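Please look over the sequence and the structure first. The paragraphs that follow lead through salt bridges, a sheet and a single strand residue.

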Amino acid sequence: MTMRSIRGVGLAIGGLFAVWDLTAAAQVAEAKTNTGGTLLDVVSGRLELTISHFSALAAHVARLPEMIGGRTALLLVGMLVAGLAAEYLVRLLLKGVRVRGFGRLTADSALHGFWRAVLFDVLAVVAFWVAGRFVLGQIGDSRSVGGKLGQIFLIALIYWRAFNLVFRAWLRPDAPAGRIVPVDDATARSLLVGLNLMILVPLSADKLEDFLLATGATAEAINVAEFFYIAITAVALLAIVWSWRREMAAWLTAMVPEEGFARQLKLDIARNWWIGGLVFYGFTGTAELYGELTGNDVVPRGLDVIEGALMALLLFETLMYRVTRHIVSELPMAGDVVADCVRLAARLYVAIVIVQALMVQVLAASTAADWAVHDRGAKIAALSAVAIYALWRFMRYRMDSYIAANPLPSADSPGDSDDDAKTSASRLRTLMPLLRGISGIVIAIIGTLVVLSELGVNITPLIAGASVLGLAVSFGSQSLVRDVVSGIFFLAEDSFRIGEYLDCSKVKGTVEGFSVRSLKLRHQNGQLHIVPFGQVGHITNFSRDWTVVKFTLAFAQGTDIELLRKTVKKMGLDMMTEPAFKSVLMQPLKMQGVVDIKDSSVIVRFKYMARPTNPGIVQRVAVRRMYDTFPALGIQFAQATTFQMPMAYAPPPASAPAPAAKAAE
């Protein structure tokens, strides 16, 4: 999915929610006014009425300096300054202890010292409250205008500092060792400022009504003030989302796993989160304005619930990421499995809260009483889903751990001294991947049916439809059914294991793997044969239990056969006691007898029984020892007989005449 498509989807979803919400709000407005006017008529009429009371707001604002007084205004400012100074002083005094606690945030103890640092931050907020209360006491009577404003202001400040405590606990701009959010120092400081603004801007809007009521403002002036301040708040929130989009994207993208399902899609969503943020806060501002004009504040409260749930989920996910990010392993650890189960439970709970807020408050599709039944079913379904997921994850964790601890046996690997243990482990290890897949499918099917049943879905047609579909598939794929059934019987009878050498009539090779339908054989020359079980007529297993190896050697005629027999017998008994062959040989090497006599040699056969893991090494070592030992005992191996062909007959050369005869002539 491209970035452009993600943005388009976000805008489309935002527009859809806006249409739904405005339609629901229009129905509420029409019910309250008992008129047949359209949505535009209702909104325009309320807007004109609100603007007409602007003079009342202006007159009240002009009277505020006289009502509050300079001393009260200074004390309110002093409350903020004194509280911040007290909080800063406590943080400064406890900084050394807090930093030493962060020094223990290591891989062995991922969050050691975190809660102690949070406790120190709580002490700093308490110091803020004590200083604020002290300044508040200087204002005077708590029932006066100044006293009421001081109480409202102090409550708002404590509310703000409490959220700042949470954000600071996760970001720690001055202590990277204790930081939960995976960002650098500059990004952490920027995010802390942005998140504080996200709290301060709507908080000031919420306390505006209390402030105006405490100063004796009329209802019309309060409505006008809230109308304009809501618009300012919406624009400010949109500006905050836009200004801090890169810092927040760095936070979100850092938590995307290096590997996993749809990683690129998750990265694209994390980088373009601001699209959803702009849509959400634009929608929230519109709903707030509409609620102020029509007197319907249900939709804004529902959106506040959604915002709080998403923020809490983000902080929780970040904390879980910090807990589990030190785990570097190809296999999931037990702690990682527990963290995934807890993470799923939190996500499902947040999803239930968001759906309830959407259906009851935002979309007004159901009342709170009607939704209570669905809410109970959703929570039971969520608990069932978490339990089923936990069962599957722990089963898979145990299976993966067993697979990692028990490598696949190979036909070329040395034997094991404990035959029974090796055979049992080998069979279970061979079947473990198949058992893992089948158990996952069964748990997924049963879990889906249980969750759907708890959600109120009638699963009887699903089961009936699945039965009919399975029957149709079985008739239409008879060869597939035959392969699967044959494979089940082959596996149940333990006919082969991974690493064993098989002869399946047409093909031979070492078992590399199998599924419920086919078998994979690797030929010694490298070819990979995939044979459906239905085409396997019989299996000859060359790697099971034991094997008898026979070989012949040629000796010279006249060899002492009895001496040869005794020597070979002693050699075989000695090899049985050697550690290198003790686990391989099952019966010692011995001479079986003379099997043939040829021209100038005696053919003698030898045999031994060994485990099928690597029996050829025994023969090679035995022949080498015979070659080294026999000549000293007078036992000679046969040598090839050579025949020298006789030379062809050549007549002697003619003799020369005698010299005397030549002289007489």
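Salt bridges, a sheet and a strand

R179 is buried, with 5% relative accessibility (buried means under 20% relative accessible area, exposed over 50%, and partly exposed in between, using a 1.4 Å probe and protein chains only). The side chain of R179 forms a salt bridge with that of D185, at 2.6 Å from N to O. D185 is partly exposed, its relative accessible area being 30%. A salt bridge here is a side-chain nitrogen of Lys or Arg within 4 Å of a carboxyl oxygen of Asp or Glu.

The model is predicted: local features need pLDDT of at least 70, side-chain atom pairs count only at pLDDT 80 or more, and totals for chains, interfaces and linings use all residues. Residues are numbered from 1 along each chain as its sequence is written, and side-chain values use heavy atoms, with hydrogens and water left out.

Side chains of opposite charge can pair when their charged atoms come close. In the whole structure, a search finds 18 salt bridges. Some of them form a network, which links E87, R91, D121, R161 and R172.

Two further salt bridges lie within helices. Helices (H or I, at least four residues) and strands (E, at least two) are DSSP runs, numbered from the N terminus. In helix α11 (residues 263-271), R271 and D268 are three residues apart, about one turn of the helix. Their closest N and O atoms are 3.6 Å apart. D268 is buried at 7% relative accessible area, whereas R271 is partly exposed at 39%. Helix α14 (residues 334-362) holds D340 and R343, also three residues apart, about one turn of the helix. The salt bridge between D340 and R343 has its closest N and O atoms 2.7 Å apart. D340 is buried, at 16% relative accessibility, and R343 is buried too, at 11%.

Next comes the sheet. Five strands form an open sheet in the order β4-β3-β2-β1-β5, with antiparallel pairing. The edges are β4 (528-532) and β5 (540-541); each has a single partner strand, so one side of each lacks a neighbour in the sheet. Two strands pair if DSSP finds at least two bridges between them. Strand β3 (residues 518-522) and β4 run antiparallel and are joined by five bridges. R522 stands opposite L528 in β4.

Finally, strand β8 (residues 601-610) contains S601. S601 is buried, with a relative accessible area of 11%. Leaving aside residues up to four places away in sequence, S601 touches A554, F555, Q557 and A638, where contact means heavy atoms within 4.5 Å.
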